[in-house]
Amino acid sequence: MILRADAITKRFGGICALDKVSFEIEEGSIVGLIGPNGAGKTTLFNCINGTLPIDDGRIYFCGEEITNKRSYELARLGMCRSYQIVKPFRSMTVLQNAMVGAFCRVKSRKSAQEIATEALETVGLYEKRDEKASNLNIGESKKLEIAKAFSTKPKLLLLDEVMAGILPSEVKVMSKIVRDINESGVTIILIEHIMEAIMSLSERIIVLNFGEKIAEGAASEVVRNSEVIKAYLGVEEE
Amino acid sequence: MTFLWTGLAASWNFYSGYCGRLSIGHAAFLGIGAYATALLYANYGISPWIGILVGGALSAIVALIIGGATLRLQGTFFVLSTIAFAKILETFAITAKGITGGSLGVLIPYTPGFLNMTWSGKLPYAIIAWAYMIIVIAACVKLEKSKLGYFLKAVGENKEAAENLGVNSSRTMLKAFLISAVFTSFGGSIMAMYVMYIEPSFVMSMGNSVQFILLAIAGGLGTAFGPLVGSFILVPVTNILRGSFPSISGLHGLLLGLILIVVLLYRTNGILPALREFVDNQRRRAKNDIKS
């Protein structure tokens, strides 16, 4: 088990964004995290990776408690995320962007360059390595997000809607990238709205709604779960 | 003097240029360097060479305190806090007459000699200033290729995203701020020994900070050679303007300001990046010509 969340609670003023969310992530798996808008998916990522402090609960990573550790410490321990709203370092080149991540593991520029180059090859951005990050389109920016995170040589990667807003034809490419990274030994938690992609990729799915975990299980089971259908489609009045 | 200004501009650029947090109060470090050197030499006869190091060490300590205290401040608030810090030190230098001689300043005794870092001619000073400039620019070149440089740029662009990639933003910023402060302090020491007289309104004034900041901004923020280009264009231009309109005092400042505004309006990144872009475009055009 690589990650264990034990009753994570996060409040924003009076709103309970996450209410006692618990789950476990098996090492080497791809887990999908779904839920309607505002369900708390990104907040959950923010809490796991130390961007936001949690109000209650505990988080364990590789058996070590990491509750409220800073995100740079977690990156060194081997957990990294991508952002739904991409955050490239605009004035730097694509390669330099990835190198920032690589410096998390190595000191010299040469080895950082090697790691970064590998990461760019994995996501298919190698051709664009000398381009300024600000010149990338949205699909490429999402790939760069993955490459930056992958350059830190993570054990666990949190991917936040890497397929949102890209061309349908690119979704397949992105799915393959996610699978390739997983096959290289990285556990992945995936937030996604594109059901087709998430169904085919994830072994297990966790469903959030209004900050609560309402379902968890194999993809085929979850879609038949009545709570999930209720959350997505509402219920008919009797 | 141009070498010295370039060195100062590059020192400032080392932190503010690469990470985009503008420290307007850098004259404070210049002042610390200048005063440490001048006071130790004038009052205790300690060689300025040692004074430079003492000033550097003092600046490093102050930079750690100020840098640490201002880490959480962003944007304008950081800029304002650095101004306040410089003002506090300037006021201190004026009121603490017992230590600094107040606004009368410190007169450095003229006894030429290598140990005293005092010479009758200008050449040795020029060599020192030149060496200083080279060292600081070399440090910037090295920074651009180092882990610290990458981290600094990343933190400057997006702190959260940088931390996510394992960058300890506080440590990165503090380290760079400290190095930048020490370099600035060295420049202050050299300036004191060259001018032989220092007073608060000269070495610690905001005008002083702004002057070397402008050089860096005009030349190109966050580029190793930007301050060099900026200084070697702007300092002579200032002198020419001052010489051309001696009758109306302040006119050269006005014209200089206008030139700066034009440069910054036309090329927000500064002169050096603009030049690079121009050269790149020319090359690309030449390549295309060959192809067709």
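**Notebook: pocket and A/B interface**

I began with the lining of the largest pocket, where H14(B) gives the most, with six residues; helices here are DSSP runs (H or I) of at least four residues, numbered from the N terminus. This is a predicted model, so I kept in mind that local features need pLDDT of at least 70 and side-chain atom pairs count only at 80 or more, while totals for chains, interfaces and linings use all residues. Residues are numbered from 1 along each chain as its sequence is written, chains are lettered from A in the order written, and side-chain values use heavy atoms, without hydrogens and water.

I read off about 1,400 Å³ for that pocket. A pocket is an open set of points on a 1 Å grid over the protein atoms alone, where a 1.4 Å probe fits, with protein on both sides within 12 Å along at least five of seven lines; lining residues have an atom within 4 Å of a point. The volume is the space filled by probe spheres set on the points. Of its 36 lining residues, the closest to the centre are Ser91(A), Lys132(A), Lys153(B), Thr223(B) and Arg276(B).

Next, I checked the interface. I found 18 residues of chain B in contact (heavy atoms within 4.5 Å) with 29 of chain A. I then looked up salt bridges (a Lys or Arg side-chain nitrogen within 4 Å of an Asp or Glu carboxyl oxygen). The count between the chains is two, and one of them joins Lys87(A) and Glu160(B) at 3.9 Å, N to O. On chain B's side, H7(B) has the largest share, six residues.

Terms used: Helices (H or I, at least four residues) and strands (E, at least two) are DSSP runs, numbered from the N terminus.
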